[in-house]
Amino acid sequence: MPRLPGGNALRRFFRSGLRWKISAAIAGVSALVAIALSLVVHNAARVSMINSTRDVQDERVQSALRIYETTGRLVFYAQLDDPKLPPELKAYAAKRQRATFVQSTPHGSPTVWAETPADDGRVLSLKTGFTDRYSVLGDLDQALVAGSVSVVVGGTAIGVLIGGRMSRRLRKAASAARKVAGGDTRVRVRDEVGGRRVRDETDELARAVDAMAGALQLRLEAERRVTADIAHELRTPVTGLVTAAELLPPGRPSELVRDRVHALRTLVEDVLEVARLDGAAEHADLHEVALAEFVRRRVPLLAPDAEVMVSEDAVVQTDPRRLERILGNLLANAARHGEPGIVVIVDGPHLRVRDHGPGFPEDLLREGPSRFRTGVPSRSGGGHGLGLTIATGQARVVGARLTFRNAPADDGGGAVAQLLLPRQV
């Protein structure tokens with residue numbers, strides 16, 4: 001199917017910012033209004049001038065007729081039976097009627113005729129060019145063009161100012177909304193866009209977003225408190241179960257009980273940690289850390305079978321305890337869900353943990369880690385789906401960024417978790 005030449009430009013225009021759309025709309029409306037008014041004024045002035053000239057010409061032909069019939073002289077350059085008299089006036093003269101006529105010319109101003117029958121049966125006529133008034137009409141047209149251009153330029157400037165102001169307010173609202181979505185509960189969209197100074201639709205949008213964010217925050221806070229309270233209340237009986245399990249006599253049943261009790265205690269501690277991270281009350285104790293040395297010392301303790309590779313060392317600003325927690329959770333996730341061949345790579349401030357298993361599930365890559373979701377069945381070994389959630393929360397506390405992707409199949413496949421740490425300032 002053939003495409004119109006201006007199709008791409010039109011699509012780009014409709015995808016452009018609000019400022020330029022408003023400016024283009026105001027400029028277009030201003031141009032249409034200016035053109036319409038200019039045409040109306042031009043035609044009205046032309047008709048008024050021609051009618052005035054015809055009235056003057058009619059009075060002159062009557063005066064010339066009176067002088068001719070009284071003295072026999074022709075004045076005002078009058079003519080008798082002028083052969084150039086337009087056919088329209090000849091028809092009126094044949095009826096013995098006085099008339100005026102405007103004769104257009106291919107180039108230049110029109111000619112205004114007037115005729116009146118004389119008592120001797122002849123036709124007396126006058127003709128006058130419209131040159132003087134036509135030049136006045138040209139000056140009027142120039143003034144109208146200048147005024148129209150001024151209106152369009154002024155309207156466009158106003159459109160840029162109005163559209164720019166609205167666009168800036170909307171962009172500030174979008175930026176504030178992204179901060180709220182990122183977990184910064186102190187941000188209020190209305191304060192960011194200056195809604196307390198300006199009251200318009202943007203202010204209404206900001207208030208609606210703030211109300212929605214507040215309601216969601218209250219709900220999330222209530223859920224966090226419930227989760228934390230449940231986990232806290234479980235700690236006492238779970239601690240008692242751990243103590244009682246250690247007192248059981250040796251044997252296979254006792255080992256199974258102790259294993260399940262320890263798993264339950266780990267789950268309770270993880271849930272409490274998730275609740276603390278959700279509360280955004282955690283603060284990092286930042287130190288300067290040589291990343292390569294840190295990884296070489298921690299990885300053998302956390303995952304003895306993992307391989308450490310250093311492409312480039314870097315000194316980062318982070319909390320060593322939390323960084324160890326993140327690294328341990330990533331290694332545990334790789335060991336639990338991946339396949340042998342775990343590699344920890346230090347590349348400047350980037351810390352990557354890669355396995356050679358089936359990779360992360362699509363919903364995790366699309367939405368991020370979610371608590372109590374262990375992925376597709378191929379990656380659904382032991383665990384409760386809290387490891388990556390805790391790692392993501394701890395990364396947020398230390399100011400790092402944790403991302404997930406799958407390695408290409410031609411590169412061996414597998415899941416790749418990358419932690420970008422802030423460098424030393």
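Helix H9 gives the most to the lining of the largest cavity, with three residues. The model is predicted, so that local features need pLDDT of at least 70 and side-chain atom pairs count only at pLDDT 80 or more, whereas totals for chains, interfaces and linings use all residues. Residues are numbered from 1 along each chain as its sequence is written, and side-chain values use heavy atoms, with hydrogens and water left out. Helices (H or I, at least four residues) and strands (E, at least two) are DSSP runs numbered from the N terminus.

One cavity of 30 Å³ or more is present; a cavity is a set of points on a 1 Å grid over the protein atoms alone where a 1.4 Å probe fits but cannot get out, and its lining residues have an atom within 4 Å of a point. Ten residues line the largest cavity, and Leu330, Asn333, Ala334, Phe360 and Ala417 are the closest to its centre. At least two lining residues each come from H9 (320-337) and strand S11 (415-420). The lining comprises seven nonpolar, one polar and two charged residues, where Ala, Val, Leu, Ile, Met, Phe, Trp, Tyr, Cys and Pro count as nonpolar, Asp, Glu, Lys and Arg as charged, and the others, Gly among them, as polar.

H9 also packs against helix H11 (residues 387-397): their axes (lines fitted to C-alpha atoms over the stretch in contact, with angles from 0 to 180 degrees between N-to-C directions) come within 9 Å and cross at roughly 155°. H9 is therefore roughly antiparallel to H11, a term for angles over 145 degrees. Contact (heavy atoms within 4.5 Å) involves Leu330 and Asn333 of H9, among others, and residues of H11 including Leu388 and Ile390. Seven nonpolar, four polar and two charged residues form this contact.

Helix H8 (residues 291-302) packs with H9 at an angle of about 50°, the axes being 11 Å apart. In H8, Leu291, Phe294, Arg298, Val299 and Leu302 meet Pro320, Leu323, Glu324, Leu327, Gly328 and Leu331 in H9. This contact of H8 with H9 divides into eight nonpolar, one polar and two charged residues.

Technical notes
1 Å grid on protein atoms, 1.4 Å probe; cavity = no way out; pocket = protein on both sides within 12 Å on 5 of 7 lines; lining within 4 Å. Points joined across faces, edges and corners; volume = space filled by probe spheres on them. Parallel < 35°, antiparallel > 145°, perpendicular 65-115°, else oblique.
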